[in-house]
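User: I am new to this structure and would like to learn how to read a pair of helices and a pocket. Could you take me through them step by step?

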Amino acid sequence: MEALVHALLLEKEYVEFLVGRDGDFDQIVSSAVKRQQRLVRDDNSSLIWILPYPTAELRNNMENFETYYDEIEICGSAASSHPKGAFQIRNRQMVKRSNLVVFYVDHTGGGAYQTMRYAQKEKKNILNLAGEGYGEKE
């Protein structure tokens with residue numbers, strides 16, 4: 001992840017790193033982005049936390065989150081949907097905005113897997129750091 005973020009910061013004019021902050025992988029990505037912004041450059045990128053709906057955690061820690069993330073967004077279409085479907089709606093909106101979608105999917109089930117399948121259907125550039133084969137029809 002570090003090498004990928006490093007390369008993107010050096011090669012691209014501007015990069016929006018969209019993260020969900022819903023699991024360990026999101027935290028790893030966010031940390032890698034912040035480290036590389038400090039080491040390489042921070043003038044051509046934004047770390048954007050995208051929530052499916054407003055949460056008590058956000059409200060109670062807004063100042064800390066605003067210090068850490070460059071931007072915080074609430075996904076409008078997810079926020080107005082049923083909470084059970086909100087994460088998948090948010091994930092699909094993130095895929096639509098992305099030129100490269102990075103995953104760590106090592107199983108064939110769950111929300112990350114479903115989002116990876118959606119990204120494949122949308123013909124997005126995908127990088128699965130868990131290795132080859134996952135997400136392919138067997």
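Analyst: Let us begin with how an angle between helices is defined: axes are lines fitted to C-alpha atoms, for helices over the stretch in contact, and angles run from 0 to 180 degrees between N-to-C directions. Please keep in mind that this is a predicted model. Here the axes of α1 and α2 cross at roughly 45° and come within 9 Å.

User: Which word describes how α1 and α2 lie to each other?

Analyst: Angles under 35 degrees count as roughly parallel and those from 65 to 115 as roughly perpendicular, and α1 and α2 are therefore oblique to each other. Their crossing is right-handed. On the α1 side the contact is made by Glu 2, Val 5, His 6 and Leu 9, while α2 brings Ala 32, Val 33, Arg 35, Gln 36 and Gln 37. By kind, the residues of this contact of α1 with α2 are four nonpolar, three polar and two charged.

User: How much space lies in the largest pocket?

Analyst: Rolling a probe the size of a water molecule over the atoms shows where empty space is left. In this model the largest pocket holds about 1000 Å³ of space. Its lining consists of 32 residues, and Leu 18, Met 94, Leu 100, Val 101 and Val 102 are those nearest the centre.

User: Which element gives the most to the lining of the largest pocket?

Analyst: That is α6, with six residues. Among the elements that each supply at least two residues of this lining are also α1 and α2, together with the strands β1 and β4. The lining as a whole divides into 19 nonpolar, seven polar and six charged residues.

Methods. Residues are numbered from 1 along each chain as its sequence is written. This is a predicted model: local features need pLDDT of at least 70, side-chain atom pairs count only at pLDDT 80 or more; totals for chains, interfaces and linings use all residues. Side-chain values use heavy atoms; hydrogens and water are left out. On a 1 Å grid over the protein atoms alone, a cavity is a set of points where a 1.4 Å probe fits but cannot get out, and a pocket is an open set with protein on both sides within 12 Å along at least five of seven lines; lining residues have an atom within 4 Å of a point. Grid points are joined across faces, edges and corners, and a volume is the space filled by probe spheres set on the points. Helices (H or I, at least four residues) and strands (E, at least two) are DSSP runs, numbered from the N terminus. Ala, Val, Leu, Ile, Met, Phe, Trp, Tyr, Cys and Pro count as nonpolar, Asp, Glu, Lys and Arg as charged, and the others, Gly among them, as polar. Angles under 35 degrees count as roughly parallel, over 145 as roughly antiparallel, 65 to 115 as roughly perpendicular and the rest as oblique. A crossing is left-handed if the near helix is turned anticlockwise from the far one by less than a right angle, and right-handed if clockwise. Contact means heavy atoms within 4.5 Å.
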